[in-house]
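Here's a quick walk through one model, feature by feature. Have the coordinates open and follow along.

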There are 2 protein chains.
Amino acid sequence: MASQTDGADAKSLTAYGEARSTLQGNPLSSDEVRKMNEYFRASMYLCLGMLYLRENPLLREPLKVEHLKARLLGHWGSDAGQSFTWTHMNRLIKKYDLDTLFISGPGHGAPGIISQSYLEGVYSEVYPDMCEDAEGMQKFFKQFSFPGGIGSHATPETPGSIHEGGELGYSISHAFGTVFDHPNLITLTMVGDGESETGPLATSWHSTKFLNPCVDGAVLPVLHLNGYKINNPTILARISHDELTNLFLGYGWQPYYVEGSDFDSMHQAMATTLEHCVLEIKEYQKQARSSKKAFRPRWPMIILRTPKGWTAPREIDGKFLEGFWRAHQIPITDVRTNPEHLKILENWMKAYKQEKLFDKNGKLIPELRELAPTGNSRMSANPVGNGGILRKPLIMSDFRDYCLKDIVPGQTVKGGMANMATFLRDIIARNMTNFRLFGPDETESNKLGEVYKAGKKVWMADYFDEDKDGGNLSPEGRVMEILSEHTCEGWLEGYILSGRHGLLNSYEPFIHIIDSMVNQHCKWIEKCLEVEWRAKVASLNILITATVWRQDHNGFTHQDPGFLDVVANKSPQVVRIYLPPDGNTLLSVMDHCLRSVNYVNVVVADKQEHIQFLGMDEAIRHCTKGLGIWDWASNDQGQEPDVVMASCGDVSTHEALAATALLREYLPDLKVRFVNVVDLFRLMPSTYHPHGMPDKQWKSIFTENKPIVFNFHSYPFLIHRLTYKRPGQHHLHVRGYREKGNIDTPFELAVRNGTDRYSLAIDAIDLLPSLGNTVSGVREKLVNARLAGKEEAYNNGLDPEYIRNWRWPYPKNS
Amino acid sequence: MASQTDGADAKSLTAYGEARSTLQGNPLSSDEVRKMNEYFRASMYLCLGMLYLRENPLLREPLKVEHLKARLLGHWGSDAGQSFTWTHMNRLIKKYDLDTLFISGPGHGAPGIISQSYLEGVYSEVYPDMCEDAEGMQKFFKQFSFPGGIGSHATPETPGSIHEGGELGYSISHAFGTVFDHPNLITLTMVGDGESETGPLATSWHSTKFLNPCVDGAVLPVLHLNGYKINNPTILARISHDELTNLFLGYGWQPYYVEGSDFDSMHQAMATTLEHCVLEIKEYQKQARSSKKAFRPRWPMIILRTPKGWTAPREIDGKFLEGFWRAHQIPITDVRTNPEHLKILENWMKAYKQEKLFDKNGKLIPELRELAPTGNSRMSANPVGNGGILRKPLIMSDFRDYCLKDIVPGQTVKGGMANMATFLRDIIARNMTNFRLFGPDETESNKLGEVYKAGKKVWMADYFDEDKDGGNLSPEGRVMEILSEHTCEGWLEGYILSGRHGLLNSYEPFIHIIDSMVNQHCKWIEKCLEVEWRAKVASLNILITATVWRQDHNGFTHQDPGFLDVVANKSPQVVRIYLPPDGNTLLSVMDHCLRSVNYVNVVVADKQEHIQFLGMDEAIRHCTKGLGIWDWASNDQGQEPDVVMASCGDVSTHEALAATALLREYLPDLKVRFVNVVDLFRLMPSTYHPHGMPDKQWKSIFTENKPIVFNFHSYPFLIHRLTYKRPGQHHLHVRGYREKGNIDTPFELAVRNGTDRYSLAIDAIDLLPSLGNTVSGVREKLVNARLAGKEEAYNNGLDPEYIRNWRWPYPKNS
């Protein structure tokens with residue numbers, strides 16, 4: 001029988017006592033230990049000050065209720081571990097002149113890192129009113145978790161932060177994003193044992209299979225076994241050493257333990273271990289770079305076990321505080337009403353001996369200040385933490401050179417996505433350390449395989465001989481593919497937030513997997529607009545393909561165009577949505593997105609070959625306007641039309657155009673205006689979205705009283721919400737995906753959802769009662785044609801040839 | 001320097017040759033090997049038939065193009081591994097009379113398991129037209145990936161499937177959901193090495209820390225190292241044996257390898273290994289159950305490495321097929337146009353010797369049929385795979401007994417969520433093997449801690465002494481908490497799909513993490529409505545709390561009420577959304593949801609203490625109607641009002657009511673009607689949603705020409721899209737969260753988004769131009785009051801007392 005874990009070593013897993021560590025050593029003199037501990041205490045004092053005080057910052061008066069904030073907010077639990085780690089990294093930055101960024105996975109311990117920023121002077125440089133004296137400290141304390149101030153996570157206002165840690169799970173993928181193509185950077189990443197339970201974090205440890213020590217920097221994770229989440233123990237703190245060690249060896253890391261609560265021995269253990277890890281990283285890099293042979297070492301990591309809320313009282317009134325989940329947020333909650341607890345708080349704060357750490361003006365004493373690095377070597381001042389200042393525009397070829405040529409509108413069939421891939425290929429080639437393409441194993445499937453000619457897929461796991469057969473794998477690749485949308489998105493976010501550019505390509509149905517990550521990124525970008533010192537970063541570009549209308553054969557689970565609804569809820573300052581109808585508009589849109597900054601751009605375009613509509617010049621004009629009347633497809637000759645046929649999305653445009661052709665064939669006197677929308681937010685009022693348009697312009701395109709049949713790529717409701725205030729909105733009849741799917745042919749799927757040509761033409765007729773009974777015959781023909789179109793599907797599994805190979809029957813400008 | 005992996009053992013990782021396995025043995029006679037291999041071949045033959053054939057199912061004529069489907073669709077890559085595993089489990093089910101469910105993680109290999117269902121006769125029992133003869137087989141082949149037929153994943157039409165595998169990553173969490181409280185069940189779970197890269201799958205291996213061998217069954221994972229995804233190798237197939245073994249030991253599993261491609265030795269190895277695992281599971285269960293002492297063994301799992309597309313030709317035209325990513329979908333794509341390839345296909349199919357496996361009628365020969373179990377022991381007939389037939393209604397106390405008493409509308413303040421927890425507590429107590437509560441470490445924070453009195457938190461990881469201090473941990477708990485929304489949701493889905501009941505509670509801001517899972521579940525449920533033999537399962541109940549309007553202090557990242565938009569896109573047959581305004585309505589709604597079947601119910605209610613509005617009887621009446629006029633808050637006395645003040649959501653109702661009070665105070669002649677909405681879909685037309693209402697009823701409540709100020713919990717656009725066709729829709733003025741957040745007080749956050757009482761009252765005035773200039777003084781007072789309300793926030797970090805402690809100033813029915 002296999003062995004079992006029965007908790008026998010549970011006792012040894014508690015975080016108390018003398019340091020227990022994998023590596024032994026006493027690299028610090030006793031004076032260094034004293035000073036580092038004082039620095040750590042100064043940080044802890046500041047953390048408590050942030051949580052509690054609005055006056056009396058240096059406790060020069062006895063602590064009274066009126067010195068306290070009225071509402072106590074913020075997180076204490078992980079502050080000590082983070083601050084401890086930061087303090088120790090400072091020593092090595094100075095000793096080895098390291099380029100280091102700090103990522104705080106458990107961002108809810110923001111006081112830990114904000115206090116460090118204040119101690120090393122960056123906070124006061126960035127926010128001069130919070131200077132290094134008693135008055136500045138008072139303001140520094142008061143603003144924390146206070147209206148008009150800063151939050152208790154590592155929000156955009158935090159110097160050196162590119163990772164808020166409000167929603168958990170992305171610290172490791174963000175960290176890897178920062179070090180790709182930053183060969184000298186070490187990103188020290190605190191990982192919470194709580195966030196370690198999330199799916200995105202659990203798989204992101206595998207990022208080592210995509211990191212090349214020749215061209216990339218290194219991530220040094222410190223897994224913080226804090227022991228508790230809000231109200232529960234954490235899994236990783238409650239499994240045996242053997243299991244934990246095995247887990248990380250299995251992920252490809254070499255874990256080194258530092259565990260305990262005793263200050264002196266913990267400082268020695270952490271100093272020994274952190275230094276060992278840094279030197280190991282340097283050694284691997286040297287080995288790979290000098291030999292020019294990339295390999296995947298077992299990268300070092302630290303498992304740091306300290307009590308949750310370390311340095312707090314262990315018990316209050318017989319209930320555990322330090323080392324228990326009660327230390328997660330405000331450690332003592334009733335200090336405003338319980339004088340004894342207020343006294344406990346005062347004694348606790350004074351035990352850090354603040355009067356010896358800060359001088360009479362309230363400034364950190366020089367002996368301690370010397371422990372921190374200076375200038376941009378300070379982690380909270382690392383330029384990577386404000387990546388926009390490092391951003392260089394992409395070197396881009398003229399997208400017009402990649403255009404699909406000889407387009408006969410509505411007749412030429414080409415693959416717009418495969419063509420756009422040639423544009424992407426050259427962007428990769430011309431920006432070999434400044435741009436990467438990300439995707440969950442779908443790049444080839446999405447017809448973007450051409451990019452591999454400029455940069456293969458990064459692969460640092462094992463190679464087989466058969467990989468030579470079109471594997472496109474390489475340690476030096478530029479395309480990042482892991483079957484985890486979370487990891488792709490996290491890498492991309494980290495990459496652009498640290499000053500570079502990128503693009504995520506993904507199947508439409510599964511992009512909802514990262515709804516929440518995109519939400520969080522939108523919020524980060526929006527908040528950055530309010531932080532003066534934050535430089536603009538490249539836009540987050542998401543290319544969605546394998547779209548709903550060509551997922552007929554994969555069925556219902558592969559049909560969900562609703563990501564646009566999630567994005568449309570985000571700030572108009574940040575989000576942009578484009579649905580180019582064909583290949584040349586796709587090129588124009590992609591060029592625009594890749595040049596833009598501080599947006600989240602979502603581009604929806606199918607990957608298959610489709611009918612093309614616009615030559616390059618028309619495409620540019622159309623994209624510049626964002627929407628417009630297609631004269632060549634309209635027969636209203638500049639007059640008021642009888643009906644407007646509108647479309648948004650490639651397949652939707654194809655069917656709407658075919659519907660227009662049917663109407664013109666059967667009802668030649670009917671004046672049909674054809675409108676196409678590329679830039680979705682053009683539909684909104686200009687008062688709401690910067691891309692919106694005024695009602696006057698709306699009326700000139702859509703009229704104010706004529707029926708509009710609008711064929712939309714996604715759920716029809718989105719159009720209704722964007723246009724709800726428009727004149728004539730009640731004449732707007734929107735078709736789109738209405739959650740009807742099965743195993744279908746493309747035409748059958750469209751019929752099921754009312755987005756096929758016949759249904760659209762019938763809609764137009766039904767919206768024009770003035771046509772009277774004369775059209776009943778036409779209507780019947782359309783209904784019969786729709787039925788006939790479905791029949792071949794059930795017989796042969798194919799759409800009829802006359803639907804598959806339909807072309808616009810009118811020469812241009814007829 | 002630490003060791004490194006350099007791919008030195010990469011050669012040994014290929015999937016070819018004699019079996020290599022952790023456990024050695026030859027438990028099968030040569031005759032058994034022959035028969036099992038023939039059964040396996042029969043399955044493979046059927047798989048190819050499904051992918052390719054519409055005629056000539058038994059290849060009794062030479063294969064011609066006209067026998068092929070016109071459009072070739074479906075997945076081949078993982079079929080063989082899944083079918084091989086199924087075949088071997090059949091032996092053990094018969095030998096040990098096991099109760100076994102099969103979950104197909106890589107659901108894209110549906111032919112593998114559908115073929116097994118056909119071979120064991122279940123498919124023909126369920127779908128009699130696809131009977132066990134040549135004609136039935138022809139229909140069985142043709143329907144696959146064919147319009148009107150079934151998909152190429154394990155869709156709801158698949159007997160024995162509760163897991164489609166269309167979107168990847170949930171096989172293990174679903175599997176654990178099926179075995180909780182099913183002590184005799186073993187859920188054999190094929191896990192794809194592709195899906196293993198997803199975040200949700202990567203963390204779900206930790207589910208062992210929540211499984212109690214005394215009361216729960218077991219999950220037996222078979223990690224299928226197929227080697228490739230669509231176009232890439234998989235990570236887990238390209239790391240060393242050492243790393244892979246360590247990884248799973250670290251996750252708490254004991255991995256046993258079975259690797260190779262040689263049939264005879266692979267059958268022996270799989271038979272040995274699978275039997276060992278089953279016996280090991282039985283032994284652990286016996287040990288735990290006989291001692292009545294739950295423990296966490298190192299549960300067994302199998303790592304099965306076979307070539308991708310096993311049994312296909314290794315190379316065609318010098319390009320790899322078997323054992324390469326080209327075998328992922330249709331293995332030979334050009335058989336309709338390339339006669340040589342058609343011949344290769346024919347020879348390949350015939351090599352399975354179908355004429356010896358199926359009799360002259362086309363039925364599997366008896367010698368092979370004997371290998372399968374019979375009746376409900378067949379995995380595709382396991383009742384758990386159609387869990388609705390096992391579902392027993394919850395035993396529920398009368399929710400009225402838990403009501404909040406002595407409610408003075410608008411004046412009483414109580415905690416509705418904490419009160420509802422007492423109702424939940426007793427549901428748990430009365431349904432100890434039929435209901436579980438799930439949540440990502442937020443149950444206590446969400447004021448539901450009362451439930452621990454009936455059932456503690458399941459915890460099978462290590463215990464510390466300090467857990468006695470309110471830890472509420474137990475091996476026998478009923479509450480499932482892991483900091484992974486994905487895992488919680490996956491467990492819950494598995495639990496209800498296998499016939500039980502449950503509830504997920506989660507913070508509102510982070511529920512977007514499972515958008516995609518909920519989408520997929522909605523699709524599953526909707527499709528089940530079309531599958532006659534599927535019995536209805538308990539609804540998926542999601543309770544969302546810690547809502548946006550009380551996330552003022554946590555800031556912008558914690559504010560996102562947009563999950564409702566995602567849900568509202570799903571089928572009206574499936575989704576229901578409730579926003580009870582107070583404690584008694586919450587009780588009534590929860591009672592309704594927990595009794596319902598086949599829905600996805602989303603309930604949004606804040607967890608804090610709030611003003612109450614309705615006594616129990618009124619609450620029931622109000623919830624039954626779904627929305628209604630609150631006479632006690634209105635002063636239109638049954639006449640046409642001047643303005644309608646409407647609300648949906650608890651805090652939104654509170655502010656709308658306060659706005660009504662302001663209007664009545666300042667403009668006593670104004671007739672204000674107060675409307676509250678509990679059931680969001682009541683707002684839709686009855687033609688669209690079963691809960692919708694006709695326009696006539698709409699008009700009787702909202703009028704058709706009076707201004708409506710609607711204060712909504714979520715993004716205001718959702719109301720616009722639900723009501724876009726309503727008479728008087730242009731008079732509807734909706735306020736809600738408009739993505740404006742910071743560190744705020746609750747009132748300040750409301751002001752920022754225009755949902756505070758003063759803004760709402762101002763809106764009403766602005767919508768009533770008939771009031772003329774006489775109200776400019778009133779308007780100014782309101783504007784000043786709004787400004788004053790914000791001031792205290794900036795001074796003290798608190799809302800003013802007169803806002804915090806506001807009460808409805810009018811006695812009932814004034």
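Helix α9 of chain B covers residues 263-291, 29 residues in total. From first C-alpha to last, α9(B) reaches 42 Å, close to the 42 Å expected at 1.5 Å a residue (the expected span is 1.5 Å times one less than the number of residues). Helices here are DSSP runs of H or I with at least four residues, numbered from the N terminus.

A word on the model: it's predicted, so local features need pLDDT of at least 70 and side-chain atom pairs count only at pLDDT 80 or more, while totals for chains, interfaces and linings use all residues. Residues are numbered from 1 along each chain as its sequence is written, with chains lettered from A and ligands numbered from 1 in the order in which they are written.

## Where the chains touch

The contact draws 115 residues from chain A and 114 residues from chain B (a contact means C-beta atoms, placed from the backbone, within 7 Å). On the chain A side, helix α8 (residues 241-251) gives the largest share, 8 residues. By class, that side of chain A splits into 40 nonpolar, 42 polar and 33 charged residues. Ala, Val, Leu, Ile, Met, Phe, Trp, Tyr, Cys and Pro count as nonpolar, Asp, Glu, Lys and Arg as charged, and the others, Gly among them, as polar.

## Domains of chain A

Chain A is assigned domain 1 (32-389), domain 2 (391-610) and domain 3 (629-804), with bounds from an automatic or database domain assignment. The centres of domains 1 and 3 of chain A, taken over C-alpha atoms, are 56 Å apart.

## A helix pair in each chain

In chain A, α19 (residues 650-666) packs on α23 (residues 757-766) at about 55°, axes 8 Å apart. Axes are lines fitted to C-alpha atoms, for helices over the stretch in contact, and angles run from 0 to 180 degrees between N-to-C directions. That makes α19(A) oblique to α23(A) (under 35 degrees is roughly parallel, over 145 roughly antiparallel, 65 to 115 roughly perpendicular, the rest oblique). Among the residues in this contact are A:Leu662 of α19(A) and A:Leu760 of α23(A).

In chain B, α19 (residues 650-666) and α23 (residues 757-766) pack at about 55°, with axes 8 Å apart. Their contact has 8 nonpolar, no polar and 2 charged residues, and includes B:Glu655 from α19(B) and B:Arg757 from α23(B).

Methods. Helices (H or I, at least four residues) and strands (E, at least two) are DSSP runs, numbered from the N terminus. Two residues are in contact if their C-beta atoms, placed from the backbone, lie within 7 Å.
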